[in-house]
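This report describes selected features of one protein model. The sequence and structure come first, and the description follows.

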Amino acid sequence: MAGSNPNVFIISLITLLGIASAIALPAIEKRQASAPPVLMGAAASYGAIAHTTLTSTGGTLVTGNCGTYPGTAITGFPPGICTGTTSAGGVAAQNAEAACLTAYNNAKGLVPTQALSSVELGGMTLGPGSYTFPASAAQLSTTLTLDGASDNLGQFVFQIATTFMTAIGSKVLLINGAQAGNVYFQVGTSATIGGATMLQGNVLASASVAVGAGAANNGTLCALNGAVTLINDVLTAQTTTTTKQCIITIVLGKPICVSL
């Protein structure tokens, strides 16, 4: 066209392309690299591993290994039974404690995907993600349902700043392929598991873990600076957990797992 300025046309085209690109590509707010986010490593084969002492009263059954490091006191086995190896201050227990610490730090360092509105987990149904609480402590009084429908290889990580307590008879229910080995309770101080609790997951406590009579857990109990105390309990290590290898990316406020 006579009298038209070609520079104006080029600038307009660049502007339009820039607008189209901004529309087509959603903004990435955060990027949390991990593959997968948390692993139990050498601790996965342990039903219980403590920093100071591992004590059992009565007929506790641990399907898996038992250990302490650097402490060397393991008491109550027998009459309690540990079907795997027992390492009191040995290299195997040292490796397991180190793996617990790595898992604890990785769980604590995850970018939260949801801030829960209550410290009470009972009555909730949750999908995979990393969860924080409105106060420093958390509790479970009834039933927590963990649903793997959206991703049966996903992990459930609960980031608890101080204490975690479960009431007598409370339980964690896994549905739609959710796996106990992919559940993590990262506890900033101590965990107290009430009698007859049916727990599912790895308890990573910075201090100690005390379990009431007749409770059960599928996963590993880790006490990073204190003792694990058991009373007629049933613990089963989870050594065959399958976890998605991915990078978690937050896109428009939602966690997206990008496969590696």
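Is Phe 158 buried or exposed? In this predicted model, Phe 158 has a relative accessibility of 0% and therefore counts as buried, the cut-off being under 20%.

**Aromatic pairs**

The count of aromatic pairs is three. In one of them, Tyr 131 and Phe 158 have ring centres 5.4 Å apart and planes at 20 degrees, so this pair is stacked. Tyr 131 belongs to strand S11 (residues 129-132) and Phe 158 to strand S14, and the pair links distant parts of the chain, 27 residues apart. Tyr 131 is buried, with a relative accessible area of 3%.

Phe 164 and Phe 185 also form a stacked aromatic pair, with 4.8 Å from centre to centre and 10 degrees between the planes. Phe 164 is in strand S15 (residues 164-166) and Phe 185 in strand S17, so the pair ties together parts 21 residues apart in sequence. Ring pairs link Tyr 131, Phe 158, Phe 164 and Phe 185 into a cluster. The accessibility of these residues is listed below.

| Residue | Relative accessibility | Class |
|---|---|---|
| Tyr 131 | 3% | buried |
| Phe 158 | 0% | buried |
| Phe 164 | 0% | buried |
| Phe 185 | 0% | buried |

Nine strands form an open sheet with parallel pairing, in the order S8-S5-S2-S23-S20-S17-S14-S11-S9. Strand S8 (86-88) and strand S9 (114-115) stand at the edges; each has a single partner strand, so one side of each is left without a neighbour in the sheet.

Within the sheet, strand S17 (residues 183-187) and strand S20 (residues 202-205) run parallel and are joined by four bridges. Tyr 184 has Asn 202 in S20 as its bridge partner. Helix H2 (residues 91-109) packs on the sheet, and the strands touched by H2 include strand S2 (46-50), strand S5 (65-68), S8 and strand S14 (156-160). The direction of H2 makes about 90 degrees with that of S2.

**Thr 242**

Thr 242 is placed in the loop between strand S25 (234-236) and strand S26 (246-251). With a relative accessible area of 43%, Thr 242 is partly exposed. Leaving aside residues up to four places away in sequence, Thr 242 touches Leu 153, Gln 179 and Asn 182. Thr 242 and Asn 152 are 90 residues apart in sequence, while their C-alpha atoms are 9.0 Å apart in space.

Key. Residues are numbered from 1 along each chain as its sequence is written. This is a predicted model: local features need pLDDT of at least 70, side-chain atom pairs count only at pLDDT 80 or more; totals for chains, interfaces and linings use all residues. Side-chain values use heavy atoms; hydrogens and water are left out. Helices (H or I, at least four residues) and strands (E, at least two) are DSSP runs, numbered from the N terminus. Buried means under 20% relative accessible area, exposed over 50%, partly exposed in between (1.4 Å probe, protein chains only). Contact means heavy atoms within 4.5 Å. Two strands pair if DSSP finds at least two bridges between them. Axes are lines fitted to C-alpha atoms, for helices over the stretch in contact, and angles run from 0 to 180 degrees between N-to-C directions. Rings of Phe, Tyr and Trp (its six-membered ring) pair if their centres lie within 6.5 Å; planes under 30 degrees apart count as stacked, over 60 as edge-to-face and the rest as tilted.
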